Amino acid sequence: MAVIEAIEVDSPAAVKERLEEFGREVLAEAMNRPAQVANGGLYLRGLIADGKRKSLEPMVERLGDGADYQSVQQFLTDSPWDPASVVRAVAERVCPEIGVLAWVLDDTGFPKQGKRSPGVKRQYSGTLGKVGNCQIGVSVHAVGERGTVPLGWALYLPEEWCSDAERRAQAKIPDEITFQTKPELGVELLERASGWEIPRAPVLGDGAYGENTELRERLHDAEFEYVLSVSSEMTVFPPETTFAVPERKGKTGRPRTRARPDRKPQAIGELVAALDRDAFETVAFRDGPDGEPMSSRFAFVRVRAANRAEKRTPWPPREEWLICEWPEGEEATTDYWLSNLPADSDPERLARLARLRWKIELDYKQLKGELGLDHYEGRSYVGWHHHTALVTAAHGFLTLERLCPPAQRPA
């Protein structure tokens with residue numbers, strides 16, 4: 001007969017006690033009133049407790065007599081506490097425990113009915129895989145060897161929302177909020193988190209961010225490293241390109257000051273198709289479930305991006321890594337990334353960072369499937385940010401619980 005090892009499990013009372021202590025610690029910087037801290041603790045309990053819906057009304061019902069619906073609702077939608085302070089406190093607790101490897105910039109959709117939820121409209125959502133009625137939230141996450149933690153949330157407001165005074169008032173959108181693109185929102189989240197006491201790491205993102213020239217330049221200027229996805233249609237100058245200032249035409253022409261390339265830029269797909277097969281090397285990009293490294297074929301080419309914002313970015317363009325993947329069994333390359341990591345970067349590190357962004361999908365899965373990230377039903381802009389901050393706190397608590405099971409806790 002097989003011997004089944006007993007698994008030590010804490011009592012609900014012990015978990016509740018640790019959650020209350022964690023809640024007081026991460027909420028303290030943002031909330032200066034006892035009622036706020038109490039309601040914040042109740043909300044965290046509601047998010048972590050069993051139950052399909054993590055919207056306010058069913059959570060309050062499950063919490064019982066200790067929770068007052070009107071009080072918790074006011075705390076969530078109107079109370080003046082800073083959600084970013086909560087996210088910071090959680091990040092500074094969790095990041096040292098997970099071995100941060102990268103920061104991931106992404107966005108996710110929140111399907112909605114009606115027209116009154118802030119930012120809602122018919123728009124494309126990667127979550128839906130199509131155009132649908134939804135909100136879009138931009139987020140940044142620290143991804144580590146032993147877990148992840150969100151570093152910030154921002155609700156994207158389409159231009160028609162920003163210019164509609166009546167809808168703004170109904171959704172309680174602060175006057176100082178103006179239209180910003182998703183990349184602009186993302187960079188602000190990154191810049192804010194860079195001032196926290198957490199390890200800075202290379203920024204990863206999909207093509208919506210990687211092909212935004214201003215975003216890449218802003219990250220580079222802020223001394224962020226990045227590995228960002230791009231498409232095969234994006235144009236770059238190949239490695240052999242030289243830039244020189246042409247001579248003045250005639251004796252009276254204006255002297256030339258702008259360097260010009262000696263060839264036209266190429267689409268990435270065209271450049272890569274011309275590479276010799278020997279340019280691709282087999283590189284391990286992550287460890288598999290059995291501990292064995294998983295590998296693929298990659299090429300690493302020094303290029304200069306050509307899709308620039310003419311007057312706002314340096315010229316000639318700076319050199320970057322173009323990372324290309326050609327998996328075994330595929331007829332051609334499948335994925336491409338641009339990176340400003342140093343020219344002497346190890347190929348394995350470049351490949352591992354390029355392929356690390358998949359972990360964000362696991363993050364969203366837990367945040368939505370277990371903690372109700374997408375269950376907020378209120379129509380308050382402030383309430384949406386409060387909800388996402390508290391979901392972040394619940395996520396952080398569960399991460400710490402997983403990393404330190406009962407058997408490893410001091411007596």
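## Salt bridges, aromatic pairs and cores in a predicted model

The side chains of Glu320 and Arg216 meet in a salt bridge, with an N to O distance of 4.0 Å. The model in which this pair is found is a predicted one. Glu320 belongs to strand E13 and Arg216 to helix H10 (residues 213-221), so the bridge ties together parts that lie 104 residues apart in sequence. Both Glu320 and Arg216 are buried. The pair also belongs to a network: salt bridges with shared partners join Arg216, Glu217, Arg318 and Glu320.

The count of salt bridges comes to 20. Another of them joins Lys172 and Asp78, whose closest N and O atoms are 2.6 Å apart. This bridge links distant parts of the chain, 94 residues apart: Lys172 is in the loop between helix H7 (165-170) and helix H8 (182-193), and Asp78 is in the loop between helix H4 (69-77) and helix H5 (83-98). Lys172 has a relative accessibility of 38% and therefore counts as partly exposed. Asp78 is likewise partly exposed, with a relative accessible area of 38%. A further bridge pairs Glu145 with Arg146. Here Glu145 is exposed, because its relative accessibility of 54% is over the 50% cut-off, while Arg146, at 39%, is partly exposed.

| Asp78 | Lys172 | 2.6 Å |

The structure holds 11 aromatic pairs. In one of them, Phe237 and Trp315 have ring centres 6.2 Å apart and planes at 75 degrees, so the pair is edge-to-face. Phe237 lies in strand E7 (residues 235-237), whereas Trp315 is in the loop between strand E12 (293-305) and strand E13 (319-325), so this pair ties together parts 78 residues apart in sequence. Trp315 also pairs edge-to-face with Phe243, at 5.7 Å centre to centre and with 85 degrees between the planes. Since Phe243 lies in strand E8 (residues 243-244), this second pair ties together parts that are 72 residues apart in sequence. Phe237, Phe243 and Trp315 form one aromatic cluster. Phe237 and Trp315 are buried, and Phe243 is buried too.

The charged end of Arg167 sits over the ring of Trp161, 3.9 Å from the ring centre. The charged end of Arg297 is placed over the ring of Trp326, 4.6 Å from the centre of that ring.

Which residues have the most contacts inside the largest nonpolar core? They are Val86, Trp103, Leu151, Leu219 and Leu390, in a core of 96 residues. Helix H14 (residues 381-403) supplies the largest share of this core, 9 residues. Leu390 touches Leu27, Gly40, Tyr43, Leu44, Leu47, Phe75, Leu76 and Trp81, when residues up to four places away in sequence are not counted. A second core is separate and has 16 residues, among them Met234, Val272, Phe280 and Leu338.

For the protein overall, the secondary structure comes to 14 helices and 14 strands. The C-alpha trace spans about 85 × 70 × 35 Å along its principal axes. Of the 411 residues, 48% are buried. Among contacts with a separation of 6 or more, 66% are between residues 24 or more positions apart.

Methods. Residues are numbered from 1 along each chain as its sequence is written. This is a predicted model: local features need pLDDT of at least 70, side-chain atom pairs count only at pLDDT 80 or more; totals for chains, interfaces and linings use all residues. Side-chain values use heavy atoms; hydrogens and water are left out. A nonpolar core is a set of buried Ala, Val, Leu, Ile, Met, Phe, Trp, Tyr and Cys residues joined through side-chain atoms within 4.5 Å. Buried means under 20% relative accessible area, exposed over 50%, partly exposed in between (1.4 Å probe, protein chains only). Helices (H or I, at least four residues) and strands (E, at least two) are DSSP runs, numbered from the N terminus. Contact means heavy atoms within 4.5 Å. Rings of Phe, Tyr and Trp (its six-membered ring) pair if their centres lie within 6.5 Å; planes under 30 degrees apart count as stacked, over 60 as edge-to-face and the rest as tilted. A charge sits over a ring if NZ of Lys or CZ of Arg is within 6 Å of the ring centre and within 35 degrees of the ring normal.
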